[in-house]
Amino acid sequence: MSKTFTIFGVTGQQGGALVRYLLRNPAFSAIYRLRGVTRDASKPAAVELRKRGVDIVEANLDKPDTLRVAVRGSYAVFAVTNYWETAQAAVEVAQGKALADAAVEEKVEFFIWSSLPPIGIPHFDSKAEVERYIRTLPLTSVFFMPGWFMQNFQSVTKPRKITDEKYVLDPIIPSATASTRVPLIDIEDIGKYLAPALQDPPRYNHTRLFAATAFYTLARICRVWTECTNTEVVFEGADHAKKSTEAQEEGLSEDLGSGNLSYYGAEGEQGVEWTIRQVQEKLTTWEDFVKDHEPWFS
């Protein structure tokens with residue numbers, strides 16, 4: 001008998017990518033019956049998923065009663081919140097805790113929380129607070145910690161045009177320099193990171209999955225764009241007057257975060273390396289992503 005896997009944010013980036021991964025994976029399709037949760041089941045993305053066999057249900061993260069109904073009968077739950085809908089940490093914390101409480105009340109066996117480390121940035125710290133709470137509950141749980149989405153470079157941090165032959169990448173945080181290092185993930189790879197835990201939940205109980213292909217400096221990100229698209233892309237940040245040489249790029253660098261803190265905290269390098277060793281499928285590199293999403297500049 002198949003098990004119900006309930007995925008929140010099914011029309012968003014993380015939930016949507018996870019559903020797509022599971023639908024095209026014969027092994028998981030044989031194990032799991034998919035349920036997608038959204039606030040509006042009439043959305044085109046939700047309608048399309050229903051056509052593909054996903055059970056679509058409506059729930060509101062601010063209404064705990066709807067969450068209990070949404071997860072009822074589930075073996076596993078993927079839980080994600082969107083800080084930017086309200087930009088209020090207290091709201092995200094309340095939503096995350098309500099999701100976890102609903103899972104406990106409905107006897108969910110495996111709970112995946114989309115988390116981030118506490119590094120002094122509100123939308124990181126709120127997710128980390130929920131993670132700490134989940135660790136106190138009687139839940140087999142895993143914490144999925146995505147890096148910076150490569151998809152962000154198609155929208156919110158897309159380079160701006162200077163001329164037909166030149167584009168500029170602006171700082172993704174005010175203090176960013178060419179040597180600022182960012183862990184990148186193609187969010188379409190989400191299922192590849194979660195697959196080992198889905199295959200053996202007890203083994204990964206209370207572990208963090210540092211989901212990033214690698215750390216890339218902003219200088220390297222621009223250089224890959226330039227090499228792959230034959231269009232010059234340069235970074236202009238706090239150090240824009242300096243020439244971003246290879247020596248500078250590989251030298252002392254500051255990670256994306258607050259002050260001197262890394263995006264992933266002190267565990268960053270080791271966490272990414274350990275996570276990649278768990279993954280059994282090829283991960284998308286930044287070079288792959290740039291080539292696969294042409295044209296960037298037209």
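In strand 5 (110–114), Phe 110, Ile 112 and Ser 114 point one way, Phe 111 and Trp 113 point the other way, and all are buried, where buried means under 20% relative accessible area, exposed over 50%, and partly exposed in between (1.4 Å probe, protein chains only). Helices (H or I, at least four residues) and strands (E, at least two) are DSSP runs, numbered from the N terminus. In a regular strand, side chains alternate between the two faces of the sheet. Because five of the five residues of strand 5 are buried, this strand is largely enclosed by the rest of the structure.

A word on what you are looking at: this is a predicted model, in which local features need pLDDT of at least 70 and side-chain atom pairs count only at pLDDT 80 or more, while totals for chains, interfaces and linings use all residues. Residues are numbered from 1 along each chain as its sequence is written, and side-chain values use heavy atoms, with hydrogens and water left out.

Who is the partner of strand 5? Strand 4 (76–79) runs parallel to strand 5 and is joined to it by four bridges; two strands pair if DSSP finds at least two bridges between them. Ala 76, for instance, has Phe 110 of strand 5 as its bridge partner.

Another sheet is open and has three strands in the order 7-10-12, with mixed pairing. Its edge strands, strand 7 and strand 12 (214–217), each pair on one side only. Strand 10 (residues 181–185) and strand 12 run antiparallel and are joined by four bridges; Val 182 has Tyr 216 in strand 12 as its bridge partner.

Now turn to helix 7 (residues 190–199). Nine of its 10 residues are buried, so the helix is largely enclosed by the rest of the structure. Among the buried ones are Ile 190, Lys 192, Tyr 193 and Leu 198.

Next comes the largest pocket, with a volume of about 1,100 Å³. Of the 43 residues that line this pocket, Gln 14, Thr 81, Asn 82, Tyr 83 and Trp 84 are the closest to its centre. On a 1 Å grid over the protein atoms alone, a pocket is an open set of points with protein on both sides within 12 Å along at least five of seven lines, where a 1.4 Å probe fits; lining residues have an atom within 4 Å of a point. Helix 1 (13–23), strand 2 (32–38), helix 6 (122–134) and strand 7 (148–149) each supply at least two residues of the lining.

A few backbone details are worth a look. Most residues other than glycine have a negative phi, and most peptide bonds are trans. Ala 87 has a positive phi, near 55°, and lies in the loop between strand 4 and helix 5 (89–105); its relative accessible area of 40% makes it partly exposed. Lys 107, with a phi near 60°, is found in the loop between helix 5 and strand 5 and counts as exposed at 67% relative accessibility. A cis peptide bond, with omega about 0°, joins Glu 294 and Pro 295, and Pro 295 sits in the segment after helix 11 (286–292).

Finally, how confident is the prediction? The mean pLDDT (the predictor's confidence in each residue, from 0 to 100) is 91, and 92% of the residues reach 70 or more. Over residues 240–254 the pLDDT is below 50, and this stretch has 19 contacts in the model beyond near neighbours in sequence, a contact being heavy atoms within 4.5 Å.

Conventions
Points joined across faces, edges and corners; volume = space filled by probe spheres on them.
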